[in-house]
Amino acid sequence: MTLEQDIALMSNKIAVVTGGSKGIGLAVCTALVARGVKVVIGDILIKEGQEAVAALNKNAGNESAVFQYCDVRKYDDLKVLFNVAETRFGGVDIAVLNAGIAIQAGGLFDPMEDESERFIHDVNVGGVIKGNKIAIMHMMKRKGGIIINTSSIAGIISGGGLGAYAATKHAVIGWTRSLEPLQSFNIRANAVCPYWTETDIIKLPPNPDGSKNDFLDVLDASPKAPMEHVVETFLSCIRNEEYAGEALIVAPDGCHEHPRSDLPESCVSESMLQALLEYQPKMLEKTKQKLEEASKAYFSKL
Ligand SMILES: NC(=O)c1ccc[n+]([C@@H]2O[C@H](COP(=O)([O-])OP(=O)(O)OC[C@H]3O[C@@H](n4cnc5c(N)ncnc54)[C@H](O)[C@@H]3O)[C@@H](O)[C@H]2O)c1
């Protein structure tokens with residue numbers, strides 16, 4: 001697609017992007033603003049976020065971006081963030097739940113402490129699920145929208161060294177695929193799964209005992225996915241109306257759709273398929289009705 005075609009499609013849409021103060025999130029915000037999208041960045045990095053917004057607005061020549069402090073672990077922060085998109089720009093069309101960390105990414109040898117164990121899950125999984133639920137409230141009001149969740153190549157493959165991180169990123173794909181049925185009422189959710197990309201996160205913090213995470217050697221030796229392929233894949237989630245419930249790998253050579261695995265034949269029967277056929281439209285109707293009611297109640301309490 002040309003930039004002009006993108007602008008025709010995206011101009012004046014409104015996006016919320018978590019983890020947008022730097023790295024992949026900021027690159028996505030830059031591409032969105034260049035296409036006429038209004039962007040609300042939510043992040044815990046205030047100085048970086050404010051500087052990013054100032055640069056985006058300077059380039060755009062108007063107020064295209066706003067920063068709002070938001071810790072994605074907290075519903076209250078996320079509610080404020082999405083509400084800023086309503087009050088400053090008039091609604092939410094696109095939600096990019098991208099904030100993520102690789103602290104205690106290994107898992108296996110980290111201390112058996114509830115609080116520290118929970119941290120990576122609260123940010124990488126909780127931040128996505130909570131953000132999606134709030135995004136859906138706004139998108140029901142607007143009768144549609146696009147959700148893009150940042151997973152990772154570690155959401156698809158898993159090896160030694162990054163167990164806890166991989167668990168969170170597998171969870172993001174599982175959750176995103178569960179939202180596929182929402183496409184029947186015009187909300188499309190997809191997960192982007194970058195291979196290693198040059199940002200601060202791949203500088204992996206040291207282990208809790210201060211020692212180096214040995215996986216760094218593998219990361220350093222690995223090919224990298226260029227940022228322009230990562231950004232293109234996020235944009236393709238907006239452009240491609242076929243995408244719903246997809247997990248899109250960003251490899252060094254570009255975007256690859258990750259095929260869904262089939263169940264073994266013994267898991268499926270004629271009667272089960274028949275029951276599923278009858279269940280699905282009923283489930284969809286109920287889901288739509290419940291979400292419409294929930295959205296109205298949500299805005300009446302804001
Ligand atoms: N760079 C890679 O190789 C790579 C590969 C696959 C997936 N990812 C994923 O991409 C996403 C973006 O990471 P990145 O590579 O740009 O790294 P990054 O460290 O540059 O950016 C992460 C951003 O998330 C923000 N953040 C962290 N915790 C937060 C919280 N509690 N609330 C709000 N914001 C918070 C950070 O402040 C930062 O701005 C992450 O979800 C990461 O897991 C990165």
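Helices (H or I, at least four residues) and strands (E, at least two) are DSSP runs, numbered from the N terminus. The model shown in these views is predicted.

**Figure 1. The loop between β8 and α9 holds L263.** Is L263 buried or exposed? The relative accessible area of L263 is 57%, and a residue counts as exposed when this value is over 50%. L263 is therefore exposed. Together with V268, M272, L273, L276 and Y279, L263 makes a nonpolar surface patch. The area of this patch is about 530 Å².

**Figure 2. The protein is divided into two parts, domain 1 and domain 2.** Domain 1 covers residues 3-261, and domain 2 covers residues 264-302. Between the C-alpha centres of domain 1 and domain 2 there is a distance of 26 Å. Domain 1 gives 13 residues to the contact, and domain 2 gives eleven residues.

**Figure 3. The largest nonpolar core has 51 residues.** In soluble globular proteins, nonpolar side chains tend to be buried together. Which residues touch the most other members of the largest nonpolar core? They are F82 and I136. Several elements give two or more residues each to this core, among them the strands β1 (14-18), β4 (94-97) and β6 (187-194). The helices α4 (75-89), α5 (114-142), α6 (163-178), α7 (215-221) and α9 (270-301) also belong to this list. Helix α5 supplies the largest share, nine residues. Because domain 1 (3-261) and domain 2 (264-302) both give residues to this core, the core lies between the two domains.

**Figure 4. F82 is shown with the residues in contact with it.** Neighbours within four places in sequence are left aside here. The remaining contacts of F82 are V16, V92, A95, G131, I134, A135 and H138. There is also a second, separate core, made of 32 residues. Among the members of this second core are I24, V37, A225 and I238.

**Figure 5. G254 is found in strand β8.** Is G254 buried or exposed? The relative accessible area of G254 is 8%, and buried means a value under 20%. G254 is thus buried. Not counting residues up to four places away in sequence, G254 touches H229 and I249. A further distance in this view is that from G254 to E228, which is 8.9 Å from C-alpha to C-alpha. In sequence, G254 and E228 are 26 residues apart.

**Figure 6. Q104 and K143 each have a positive phi.** Neither residue is a glycine. For Q104, phi is about 50°, and this residue is found in the loop between β4 and α5. For K143, phi is about 60°. K143 lies in the loop between α5 and β5 (145-150). With a relative accessible area of 64%, K143 is exposed.

**Figure 7. R239 forms a salt bridge with D6.** How many salt bridges does the structure hold? There are 15 salt bridges in the structure. In the bridge of R239 with D6, the closest N and O atoms are 2.8 Å apart. This pair links distant parts of the chain, with R239 in helix α8 (residues 227-239) and D6 in helix α1 (residues 3-10). The two residues are 233 residues apart. Both R239 and D6 are buried.

**Figure 8. R142 and D93 meet in a salt bridge through their side chains.** The distance in this bridge is 2.6 Å, N to O. The bridge links distant parts of the chain, 49 residues apart: R142 belongs to helix α5, and D93 to the loop between α4 and β4. R142 is partly exposed, with a relative accessible area of 35%. D93, at 13% relative accessibility, counts as buried.

**Figure 9. R260 and E180 meet in a salt bridge through their side chains.** Here the distance is 2.7 Å, N to O. R260 lies in the loop between β8 and α9, and E180 in the loop between α6 and β6, so the pair ties together parts that are 80 residues apart in sequence. At 35% relative accessibility, R260 counts as partly exposed. E180 also counts as partly exposed, at 27%. Elsewhere, salt bridges that share partners join D6, R35, E232 and R239 into one network.

How values were computed:
Residues are numbered from 1 along each chain as its sequence is written. This is a predicted model: local features need pLDDT of at least 70, side-chain atom pairs count only at pLDDT 80 or more; totals for chains, interfaces and linings use all residues. Side-chain values use heavy atoms; hydrogens and water are left out. A nonpolar core is a set of buried Ala, Val, Leu, Ile, Met, Phe, Trp, Tyr and Cys residues joined through side-chain atoms within 4.5 Å. Buried means under 20% relative accessible area, exposed over 50%, partly exposed in between (1.4 Å probe, protein chains only). Domain bounds come from an automatic or database domain assignment. Contact means heavy atoms within 4.5 Å. Patches are made of residues with over 30% relative accessible area and no salt bridge: like charges are joined within 9 Å, nonpolar side chains (Val, Leu, Ile, Met, Phe, Trp, Tyr) within 5 Å. Accessible areas come from the Shrake-Rupley method with a 1.4 Å probe; for residues, only the protein chains shown count as cover. A salt bridge is a side-chain nitrogen of Lys or Arg within 4 Å of a carboxyl oxygen of Asp or Glu.
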